[in-house]
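Student: I would like to go through a model with you, one feature at a time. Please give the general idea before the case.

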Amino acid sequence: MAIVEEVVQEVNSLSQSEQISLLKTLWPEALASKAREEKAWEKSLPPLPNVEKYGRVVTRFAPNPDCVLHIGSARAIILCYEYAKMYGGKFILRFEDTDPRLKKSSLEFMDLIRKDLDWLGCPPDEEYIQSDRIEIYYKYAEKLLSDGYAYVCKCKPEEFHARVIVGEPCPCRDLPPEEHLSRWDGMLSGVYGEGEAVVRIKTDLKHPNPAIRDWPAFRIIDTDKYPHPRVGSKYRVWPLYNFACGIDDHLMGITHIIRGKEHLTNQERQKYLYRYLGWEYPEAIHYGRLKIVGASLSKSKIVRGVMEGIYTGWDDPRLATFLALRRRGIKPEAIRRLILEIGPRPADIIISWENLYAHNRKIIDPIANRFFFVWDPVRLTVEGVMRDFVTHIPLHPDHPERGERIFHIRPIRRVAVFLISGRDAEQLYVGRIVRLMELFNIEVKAVSSSQVSAVFYSESYGDAKRLNAPLIHWLPNENLLPCNVVMPDNTIVSGFTEPSIKTSRVDEVVQFERFGFVRIEKVDEEVTAFYAHK
RNA sequence: GCUCCGGUAGUAUAGCCCGGUCAAGUAUGGCGGCCUCUCGAGCCGCAGACGCGGGUUCAAAUCCCGCCCGGAGCACCA
């Protein structure tokens, strides 16, 4: 033992370069590239803290139903769901619809959110709606009021803030609990109007963060003017976020709160509540903000844009809503993998779309059947086609068992007419040999802006390979199916596709070869598709 | 301004708590090649990062201090 320590000491006393050069001369094999074992396992989440403290892990996703869900919500949902699943726990959906005035919720959004969760594969075990629970919050308000932990403040907001910013109590704060209880009755019975009274939770008036000092817990909303979509004007005193959320997290037995780090100060506020009520605060994980390049994840902007008709709907391809992603052929599993990859770390991130696409491509590539789509079509006439051709192309190159597409080429007076993509036509020049995929090779004879003429060159694929001829896709100029592809920027690429695509169903993701993956939106006498990605 | 949280390749992530095995792993994107009758997939290879400056230590991505940069909160919103 002693000798080992001595040697280690000696080696450590050398500089790193000295150590390396010594090693090189004495034991070069030790420096040979260390083979690293490859792990192909799916990325798994880091363990949740203090799981053993609780009987069963309970998580919750608590949206305000004032908009549909978007990729920014994916982190909360998938993390909460996956952690609950990982520990055999429970996942709760809780609608936080306690602001009938500014952040107006709606029944429509509640329903769309339920569907979003379902689509994502994260169905909740239980669902609660805060507007059903108002009396529960009242009960706790009364308890805190009579215990002297909360008070009803009638100060004007400016006056209150002027005092609190210097750490001084407002005149209401130290009044006896009886007075506050009677003011509270006044709030409930309509003695006070909007803005005239508010319940505050006592905290430390010298708290270094002024935002935490005596935070508001209830305010009055004139629900005759602003009826709540679910309970109308039944209540005029409504809890604020920190109160309702704090009470519910305890009552619902939430063991692990997973939410964005914008709630870090809210956690400090809510801890006062827990202290006064003798409750233990759950574990809290605050992840960083998730943005995605070029997409606005502001709910209010999304709602406004849809209302004003700037967007075609909640599923406008320019949006990063789940509805839009779904319409574009992004699979929920791709979103799940992305979120698992990202994990719960607190750093803010801006995801690149490629990150999402790569996951999606892995999922859809094996399932997407292949078709030809000729966009910005240009007419191609090929002369010297001496006979009919029939070509069979598999629906999927790796799965020939799935079937094939069959094209018949029937030249008239040795001339066959095709359509090729404008982009391909631009690359052609006189004398160039190109291969029409799975058909034959042609030599270009003339190119104009509206059409290309060529002559049959040869049939063998080997020729094309040897000549390094480009491979382009094509369609016979007959039995064409008009096709529009809606791109992510909502522009439309038009062209034609092959009739065999009619075997595909709506919602199916297919690949237009040399164009990209698309989801079929409509397929009958014409096709509409939404572009997913390359 | 005040309070808090972050900062590893283009993007995302591992490593940081518990210093050495990190000459920094992985994925994606980029580039090159192979393969494939798609510009898709697959295979092989290349390039690419510890925000900056000090300190502690034989040894720092990791610990300490300062700075810089980014973000969030500072609502009678959630």
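Student: How many helices and strands are there in chain A?

Tutor: Helices (H or I, at least four residues) and strands (E, at least two) are DSSP runs, numbered from the N terminus. Chain A has 15 helices and 27 strands. With a radius of gyration (taken over C-alpha atoms) of 33 Å, well over the 24 Å that the globule rule (2.2 Å times the number of residues to the power 0.38) gives for 534 residues, chain A is more spread out than a compact globule. Its C-alpha trace spans about 105 × 85 × 40 Å along the principal axes.

Student: What should I know about the source and the numbering?

Tutor: This is a predicted model, in which local features need pLDDT of at least 70 and side-chain atom pairs count only at pLDDT 80 or more, while totals for chains, interfaces and linings use all residues. Residues are numbered from 1 along each chain as its sequence is written, and chains are lettered from A and ligands numbered from 1 in the order in which they are written.

Student: Over which residues does pLDDT stay under 50?

Tutor: pLDDT is the predictor's confidence in each residue, from 0 to 100. Where it is low, the predicted coordinates should not be read in detail. Here the stretch is residues 1-41, for which the model has 5 contacts (C-beta atoms, placed from the backbone, within 7 Å) beyond four places in sequence. Chain A averages a pLDDT of 90, and 92% of the residues score at least 70. The model scores ipTM 0.94 and pTM 0.90.

Student: Which residues are the closest to RNA strand B?

Tutor: A residue is near a strand if its C-beta atom, placed from the backbone, lies within 6 Å of it. RNA strand B is surrounded by 62 residues, the closest being Glu 96, Tyr 241, Glu 262, Ala 347 and Arg 514. Elements that give two or more residues to this surface include β6 (216-220), α9 (264-277) and α13 (353-364). The largest share, 5 residues, comes from α13.

Student: What is the strand order in the open sheet of 7 strands?

Tutor: Two strands pair if DSSP finds at least two bridges between them. The order is β21-β18-β19-β20-β14-β17-β22, with mixed pairing. β21 (471-472) and β22 (475-476) stand at the edges with a single partner strand each, so one side of each is left without a neighbour in the sheet. Strand β14 (residues 377-383) pairs with strand β20 (residues 451-458) in the parallel sense over 5 bridges. Arg 379 stands opposite Gln 451 in β20.

Notes. Contact = placed C-beta atoms within 7 Å.
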